[in-house]
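The structure comes first, then the points by topic.

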Amino acid sequence: MRTEYENFCRLLIEMLENEEAKENIDICKSQSEAAIKKLEKELQLKLPSDYKLYLRDYGQVDFYHHEIYGIPWNPDQTLGSRGIEGFLDTYLVVYGIGDGSLICLDTSKNNGDCPVILWDFDGTNEIISTS
């Protein structure tokens, strides 16, 4: 059975093989183990293993103007959301929907992978995936 990360990688590779899609994908440089550890220290979070693989392999991906946050954007997005009512310090922002809602990983339940949360400024948190 494939992990969510393996499914993501398979989809990304398929998109990169398509010339039209390839023109709309920007992959930042992969990140070193030292940069990943620095991010964990800065955010004071233990990053899930799949997210560490994502950072190591891709750094950050922007496809069709939709960014899956990595280094350097994640610290700003995650730290900037802390202090907002209902946003937990254990949340790691991985995507901003554009209407103020955020897709986050709930690292308080980090057993190598984390539940994916849809967090909204109205204070609602909805689990949209268990890993």
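In which sense do strand β6 and β7 pair, and over how many bridges? Strand β6 (residues 116–119) and β7 pair in the antiparallel sense, over four bridges. This is a predicted model, in which local features need pLDDT of at least 70, side-chain atom pairs count only at pLDDT 80 or more, and totals for chains, interfaces and linings use all residues. Residues are numbered from 1 along each chain as its sequence is written, and side-chain values use heavy atoms, with hydrogens and water left out.

**Sheet**
- Four strands, in the order β4-β5-β6-β7, make up an open sheet with antiparallel pairing; strands are DSSP runs (E, at least two residues) numbered from the N terminus, and two of them pair if DSSP finds at least two bridges between them.
- β4 (91–96) and β7 (125–129) are the edge strands, each pairing on one side only.
- Opposite V116 stands S129 in β7.

**Aromatic pairs**
- The whole structure holds five aromatic pairs (ring centres of Phe, Tyr and Trp, its six-membered ring, within 6.5 Å; planes under 30 degrees apart are stacked, over 60 edge-to-face, the rest tilted).
- F87 and Y91 are edge-to-face, at 5.5 Å centre to centre and 85° between the planes.
- F87 and W119 are also edge-to-face, at 5.3 Å and 85°.
- Ring pairs link F87, Y91, W119 and F121 into a cluster.

**Accessibility**
- W119 is buried at 0% relative accessibility (buried is under 20% relative accessible area, exposed over 50%, partly exposed in between; 1.4 Å probe, protein chains only).
- F87 is buried at 5% and Y91 at 3%.
- F121, in the loop between β6 and β7, is partly exposed at 46%.
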